[in-house]
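Please work through the exercises below with the sequence and the coordinates at hand. Each task is followed by a solution in steps.

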Amino acid sequence: MKNKFYRNTAILGAIAFVAVFVPTLLIKLDVINAYTAQIITLGGINAIMALSVNIVCGITGQLSLGQAGFEAIGAYSVILLTQNLGIPLPVSMVLAALIAAFFGFLIGFPTLKLEGDYLAIVTLAFGEIIRVVLVNQKGITGGPNGKQFPTILSTDFVWGPALSYLVIVGVLVAIIILLQNFIRSTYGRAILAVREDEIAANSNGVSVFRYKMVGFVVASFVGGIGGALYAPFIGFIKPDLASFNNSINDLIFVVLGGMGSVTGSVLAAFVLTYLQEFLRFLQNYRLLFYPVILILVMLFRPQGLLGMKELSFIRSIELVQHIKRVRAMQREKAGAKQANETEGAAEK
Amino acid sequence: MNGISIFVQQLINGLSLGSIYALIALGYTMVYGIVKLINFAHGDVMMVGAYAGYFVLCAVGTTPFGMTLAFLAAMVMCGLLSLVIERLAYRPLRNAPRLNSLITAIAVELILQNVMRVLPFVGPDPRQFPTMPTKMLSIGIVSFSNIQLIVIVLSAVLMVVLNYIVNYTKTGKAMRAVSYDLGAASLMGISVNRIIAITFVIGSVLAGAGGVLYATAYPQIDPVMGYIPGLKAFVAAVLGGIGSIPGAMMGGVILGIAETMTKAYVSSQYADAISYMILIVILLVKPTGILGKKTHVKV
């Protein structure tokens, strides 16, 4: 058991290392061009947002339609903290995520006590309020024209693309690792129990409201990180970041990838981000293509492409080993049989 | 003009905006009452209605006859459209988890918007909606335009008709039965699928009328015009108690008045935010809305 633990940690560590550093190197060496690098890195941010939605919708079992609101709060906070207060960028990213989490707490506190679709309605309204406030507070937020935020990630053409990828996918990997541990912790198990059956969880002494809150605040924290990474990477933000359409985009990643599946939503975020760029030649029809896929998935595979399952690297490696072992055994058997037959023939 | 006169004037503006919200909110609330689905595509059905009215008005002209024809065309168009949407998108998911129907509704919304954007004779650009020339009528200290009068009177008539259908006809009785208990209604021999389809159609017919009225009052239409009034109408439905028909009418009017009052006395920029703030406050104070009933979950 113990050696398996080390082996499994080593496998995952190696995969994480490869996923973060190999593309960084390739981008730096211009094997992957800047345009593709930009798309992949954007996919990383979308994957973080997809995780944020997944924590609310897939893991906590609530529906949020305003997750982009937290992204916008994270993005604007990071700019204001860095530009107006002169706090160094990495510190203000953490602070921005905390601010987003605080807003999550404020929104969740009154609404998570309610049942049904109310959280969906309130988060929807929340996203819109954030957008209206961002548009109208021209002095602070720059109004509808948005705000510039030149950083090394967005303006430096030598190091920018590689560094952006390194930072964003590095953070993504860190979030995935922490999230996996979180789901398996006491808190995570309690949250899953609430998702499966609120009444049963409640009668087993799990405080439904408290664990919904934990899930929702964690999700808004992750959403804030997404925004805090988005602003320095793109170098320019607009109030539209908080719009309903943006929230829906994030939700689509999760729905297509599979509610509750971390690997599924991350994979869907990368694939769909690339697909959006790839389908640009369709122009206006591109926007039509997207909802049609969504309806088809809902009709024919309502649980999403992966459902609640995870793609497990360890299990797939074990599977490959298993297949190899079986093949080897078959070959041995076949060899033995052949040997028997030739022996038999020789005797005759 | 003195203060009272301005106040009454704003009240009438609010009433006219509010009755449009109420018309659209009725569709949300009826559908939610029966299938527990937030029909996000509803605002866009309204948009399609506005376009139907636009094409008729362009062809016939803005005479009273043209207006009547535009209303009829919009209502028929929206009714048929919702029949198709219900049959193709919502009915196959009737027994699926609610989240799936909700996401389908969002997808239908996006499809409607983007189909309109792609259609060659519609296109993404905003268009000027042909309206009747505005005439001001004044009674005592208040004056209102003929358009406001049409909006208020027509919405009132439609709501009375709806009230009659729901409360005094056999179909209305069946609708109430299905919304009370879907399973039991179906055991009593009510064709649930038919009643749900009828509910969708009635809601969308009202939205079609609401679309033409909205476009008459704010004469500019584009493929995403349904989003904001749709959202506001939804807020109105929640405000009145989602699932309750008188609640939706009341919520719509309250919201319309609150919004115009904010525009007049507080700040015109935050009028949108006010309606969402109202929503959050009402959910905090009385989550079931003004006329909603409280339900208890039993194991």
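The exercises that follow concern a predicted model.

**Exercise 1. Overall form of chain B**

Task: Determine how many helices and strands chain B has, and why it may be called as compact as a globular protein of its length.

Solution: 
- Step 1. The secondary structure of chain B consists of 11 helices and four strands.
- Step 2. The radius of gyration of chain B is 19 Å, and the globule rule gives 19 Å for 299 residues; the two values are close, so chain B is as compact as a globular protein of that length.
- Step 3. The C-alpha trace of chain B extends over about 60 × 45 × 35 Å along its principal axes.
- Step 4. Buried residues amount to 50% of the 299 residues of chain B.
- Step 5. Among the contacts in chain B with a separation of 6 or more, 74% are between residues 24 or more positions apart.

**Exercise 2. Overall form of chain A**

Task: Describe the division of chain A into domains and state how far apart the domain centres lie.

Solution: 
- Step 1. Chain A comprises domain 1, residues 2-311, and domain 2, residues 313-348.
- Step 2. Between the C-alpha centres of domain 1 and domain 2 of chain A the distance is 48 Å.
- Step 3. The box filled by the C-alpha atoms of chain A, taken along the principal axes, is roughly 100 × 60 × 45 Å.
- Step 4. In chain A there are 15 helices and two strands, and 46% of its 348 residues are buried.
- Step 5. Of the contacts in chain A between residues at least 6 apart in sequence, 79% join residues at least 24 apart.

**Exercise 3. The side of chain A that touches chain B**

Solution: 
- Step 1. The contact involves 29 residues of chain A and 32 residues of chain B.
- Step 2. Helix 14 of chain A provides the largest share, 11 residues.
- Step 3. By residue class, this side of chain A has 24 nonpolar, three polar and two charged residues.

**Exercise 4. Helix 6 of chain B**

Task: Explain why the buried residues of helix 6 of chain B can be said to line one face.

Solution: 
- Step 1. Within helix 6 of chain B, residues 170-180, the buried residues are B:Ala174, B:Met175, B:Val178 and B:Ser179.
- Step 2. Viewed down the helix axis, the buried residues of helix 6 of chain B fall within an arc of 135°, so they line one face of the helix.
- Step 3. B:Lys170 and B:Tyr180, on the other side of helix 6 of chain B, are exposed.
- Step 4. The packing partners of the buried residues are helix 1 (3-35), helix 5 (146-168), helix 7 (182-187) and helix 8 (192-217) of chain B.

**Exercise 5. Positive phi values in chain B**

Task: Locate B:Gly140 and B:Lys36, each of which has a positive phi.

Solution: 
- Step 1. Strand 2 (residues 136-139) and strand 3 (residues 142-145) of chain B pair in the antiparallel sense over four bridges; B:Met136 has B:Ser145 in strand 3 as its bridge partner.
- Step 2. These strands of chain B form a hairpin with two residues between them, and B:Gly140, in the turn, has a phi of about 60°.
- Step 3. B:Lys36, a residue other than glycine, has a positive phi near 55°.
- Step 4. B:Lys36 is found in the loop between helix 1 and helix 2 (42-60) of chain B.
- Step 5. With 16 other C-beta atoms within 10 Å, B:Lys36 is partly exposed.

Note on methods
Residues numbered from 1 in each chain as written. Chains lettered and ligands numbered in written order. Predicted model: local features only at pLDDT ≥ 70, side-chain atom pairs only at ≥ 80, totals over all residues. Domains from an automatic or database assignment. Buried ≥ 20, exposed ≤ 12 C-beta atoms within 10 Å, placed from the backbone. Arc of directions from axis to C-beta. Contact = placed C-beta atoms within 7 Å. Nonpolar A, V, L, I, M, F, W, Y, C, P; charged D, E, K, R; others polar. Rg over C-alpha atoms; globule rule 2.2 N^0.38 Å. Pairing = 2+ DSSP bridges.
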